[in-house]
2 protein chains.
Amino acid sequence: MRPVSIHTGAWRYPGAQRDANFNLHALIRYAQTLERGCFDAFFMADHLALLNMPLEALKRSHTVTSFEPLTLLAALSQVTERIGLVATASTSFEEPFHIARRFASLDHLSNGRAGWNVVTTANPDAARNFGLDDHLEHDRRYARAREFHEVVTGLWDSWADDAFVRDPESGLFFDPARLRRLDHQGEFFKVQGPLHIARPPQGWPVIVQAGASEAGRQLAAETAEVIFVAPGTLADGQAFYRDIRQRMALLGRPADHLKILPGVLVVVGDSEAEAKAIRARLDSLVHYESAIASLSVALGVDAKGFDPDRPLPPIPETNDSRSSRQRVLELAEREGLTVRQLAQRVGGYAGLSFVGTAQTIADEMQAWLENEGSDGFNVMFPWLPGGLDAFVDQVVPELQRRGIFRRAYSGTTLREHLGLPWRPNRHFSPAPSANP
Amino acid sequence: MRPVSIHTGAWRYPGAQRDANFNLHALIRYAQTLERGCFDAFFMADHLALLNMPLEALKRSHTVTSFEPLTLLAALSQVTERIGLVATASTSFEEPFHIARRFASLDHLSNGRAGWNVVTTANPDAARNFGLDDHLEHDRRYARAREFHEVVTGLWDSWADDAFVRDPESGLFFDPARLRRLDHQGEFFKVQGPLHIARPPQGWPVIVQAGASEAGRQLAAETAEVIFVAPGTLADGQAFYRDIRQRMALLGRPADHLKILPGVLVVVGDSEAEAKAIRARLDSLVHYESAIASLSVALGVDAKGFDPDRPLPPIPETNDSRSSRQRVLELAEREGLTVRQLAQRVGGYAGLSFVGTAQTIADEMQAWLENEGSDGFNVMFPWLPGGLDAFVDQVVPELQRRGIFRRAYSGTTLREHLGLPWRPNRHFSPAPSANP
């Protein structure tokens, strides 16, 4: 989620919490509502720059600023008890030592509720905030991400889970035989270690990824435990699901060690007509000048010159994020949209959306879950707090009645919520008895 | 403070909270106790590596690991209401964009209670966690720190305080004329900006520094608002105080825009004899092998070969932290200590210490405050929770009786606690009426 909503028209919606970007009380209320709804995790989208759109469009967007995710989630860890806390961190503009440490710290602070959304950051404006003129080329970003993941998880295994003996009699605080220096030397990183933080309660915080390109899928199949994916249709979702499961089978990874969660904007109404009216109202609140700028970003080209009433012209390859461009091109073709129609959809929210009653939305979710479309969903709300409350108060009970969603948390860690195994240390055994 | 104490024998002290490094409940209790004692701020010391001492000594130390400071302070922001929250971040191994963002975020999350302790990081093991074989030479570190500070504060001034208008009628979320891109290009950094986070409630989080070298003092006189300093005696403290005030006068900075706070380990007893016995007991709990290793770190040379029963031999210059070596050399000479005596003191805690009753400690503090030795103190506790409780329950009331310490917070931000002015934006005026 984003504080005001992922939908760019949401802040103008009647009753919306317009100041939520820096209204911590509102975010606490949202996280607590999600926890009441037994959600696995609270996930906040993130960027490392203003969105790269012209000021004339940007000035109409509530998505420009908010709290930094790791500090926000650390704060939320103290006002929630069970819900997982997933933050984005970039492998292109961070140091693996810092990232390993911060997520380990969040995992300790939250008693095992941390997850790391590993992103490679395609936004060129982000690169320019970190001394570079342009960002790394796509495949280089993923090569760096792979090594980054290796360093971070290696650092998390610095200490055996039982390394700290703290025996005042002998004066031994930790057992040096239960500590391992990393001494990593690779193409992108040289990191001595060890990490100076005890092993996280979950072993490793949960690894989340969202890359949909060839390199992104392969890295996810090898290393991810959750994938956020953005299919346009159930058929798309099924193709992606099959592809990931096949890659995992080739690697010998158990299928249930990775959960595939499509992002879906869920608009709940008392009737289907009311839900559609809410979505239409929201889209109508997106300015055209902001809509066309969003389309330009998604395509990686300047779309302002395109004829608004004709179909999209052919779009050249760029160094920008491939998955977002592909999604938009498919949407335009599938629904036969003009540039204007496409811009309004993309400017609001371009991705998968379930719009209907609690019944029809539960039907759609069930269809995905039962037909290898997904293992769950990365649910987004059209506006807040209303759209969130409607989902928790209406759709969650319907899913519970159907027996396809929990009625209460059975575990305490994010891994337990997701049905993922605790991560044993690769260098020290046995695991302590407290973490079987 | 450190979770278990700055004193390396503290974890073996009877009643000590030995697991405090990862016991958040203990740290919450400490922060709340400090808030009950009306302290300006909670400050957690930090490093970016295991301390660079041999494993044989390190294994006896509780100072090796704890939470990462920014995530910890974000968590503490939700269980405290008034106390300031100061974290260390290094200018040598961080990116200014991330640092500007995180401290701004902490300032928002805490409603204006954040402070940034700017350090240049002298530990060579830290460099080896970030791809370098050795750390930058001293003066280069300070040149980088100066530019880093310029970038971070520039990013904090990205937005006017009233930039976010959020007018649903016109569809204007922010006024683009109230946003300024940084476009910094310097020797060490190229950062486009703007920062994608609203201006911090304090304008800028409070800038704290601790460098005692020529370059460190000059940077502090120019940019710091708090200095943590480690004088061995009141005369040392007065010399430092005068030096900083003179530098500020030359720069035209008002003297009260920078608070000088010596670090002091305070050991409270019901009698002076009891206080001295507590300190002696603590020192006796430091292993000699850990003591001699600490001395080696402080001096930047291997001291294990030195004759333990003779005075310290001459020590060559190194690339390590100058201030800590200088402090130790002065201590050895001032008190005529042997290597063994020096190692035990340095291994426990080498710096300034007030050991006595609430009366005598208040006397010493008052002498510093009234004779231009300091503007306050960075108080450290010999062991926790007992040493902390004794200070808050006995010394704080004595200081209050004397009228030299507050009985309640009069403001809500760290700047207000410290008597520092709110920071106006250098590029946009007027400030909003809420922040005069």
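Guide: Let's start inside chain A of this predicted model, where helix α3(A) packs against helix α4 of chain A (residues 96-109) at an angle of about 10°, their axes 9 Å apart. An angle under 35 degrees counts as roughly parallel, and therefore α3(A) is roughly parallel to α4(A). On the α3(A) side the residues that meet the partner are Leu70(A), Leu73(A) and Ala74(A); on the α4(A) side they are Arg102(A), Phe103(A), Leu106(A) and Leu109(A). Sort that contact by class and you get six nonpolar residues, no polar ones and one charged.

Now for the other partner of α3(A), which sits in the other chain. Helix α3 of chain A, residues 69-76, also packs against helix α4 of chain B, residues 96-109. Here the angle is about 30° and the axes lie 8 Å apart, so α3(A) and α4(B) are again roughly parallel to each other. If you care about handedness, the crossing of α3(A) and α4(B) is right-handed. From α3(A), the residues involved are Pro69(A), Thr71(A), Leu72(A) and Ala75(A), and they meet Arg101(B), Arg102(B), Ser105(B) and Leu109(B) in α4(B). By class, the contact of α3(A) with α4(B) splits into four nonpolar, two polar and two charged residues.

Leu155(B) lies in helix α6 of chain B, residues 138-156. Leave out residues up to four places away in sequence, and Leu155(B) touches Pro96(B), Phe97(B) and Ala100(B), plus Leu182(B), Val191(B), Gly193(B), Pro194(B) and Leu195(B). At a relative accessible area of 1%, Leu155(B) is buried.

For a point at some distance from that helix, take Leu337(B). Between Leu337(B) and Leu109(B) there are 48 Å, C-alpha to C-alpha, and a sequence separation of 228 residues. Leu337(B) is placed in the loop between α11 (322-335) and α12 (339-348) of chain B. This leucine is buried too, at 11% relative accessibility. Beyond its neighbours within four places in sequence, Leu337(B) is in contact with Pro311(B), Leu331(B), Ala332(B) and Leu342(B).

Most residues other than glycine have a negative phi, and most peptide bonds are trans. In chain A, Gly193(A) and Pro194(A) are joined by a cis peptide bond, with omega about 0°. Pro194(A) belongs to the loop between β7 (190-191) and β8 (206-209) of chain A. Another cis bond runs from Leu384(A) to Pro385(A), with omega near 5°; Pro385(A) is in the loop between β12 (378-380) and α14 (386-401).

In chain B, a positive phi turns up at Arg166(B), near 45°. Arg166(B) sits in strand β4 of chain B, residues 164-167, and is partly exposed, with a relative accessible area of 24%. Glu372(B) isn't a glycine either, yet its phi is positive at about 55°. Its place is the loop between α13 (358-370) and β12 (378-380) of chain B, and Glu372(B) is exposed, at 52% relative accessible area.

Finally, zoom out to chain A as a whole. Chain A has 15 helices and 12 strands. Its C-alpha atoms fill a box of roughly 80 × 50 × 45 Å along the principal axes. For 436 residues a compact globule would have a radius of gyration near 22 Å, and chain A agrees with that at 22 Å. Of those 436 residues, 62% are buried. As for the contacts in chain A with a separation of 6 or more, 76% come from residues 24 or more positions apart.

Definitions and conventions. Residues numbered from 1 in each chain as written. Chains lettered and ligands numbered in written order. Predicted model: local features only at pLDDT ≥ 70, side-chain atom pairs only at ≥ 80, totals over all residues. Heavy atoms only, no water. Axes fitted to C-alpha atoms, helices over the stretch in contact; angles between N-to-C directions. Helix = DSSP H or I, 4+ residues; strand = E, 2+ residues; numbered from the N terminus. Parallel < 35°, antiparallel > 145°, perpendicular 65-115°, else oblique. Left-handed = near helix turned anticlockwise from the far one by under 90°. Contact = heavy atoms within 4.5 Å. Nonpolar A, V, L, I, M, F, W, Y, C, P; charged D, E, K, R; others polar. Rg over C-alpha atoms; globule rule 2.2 N^0.38 Å. Buried < 20%, exposed > 50% of the residue type's maximum accessible area, 1.4 Å probe, protein only.
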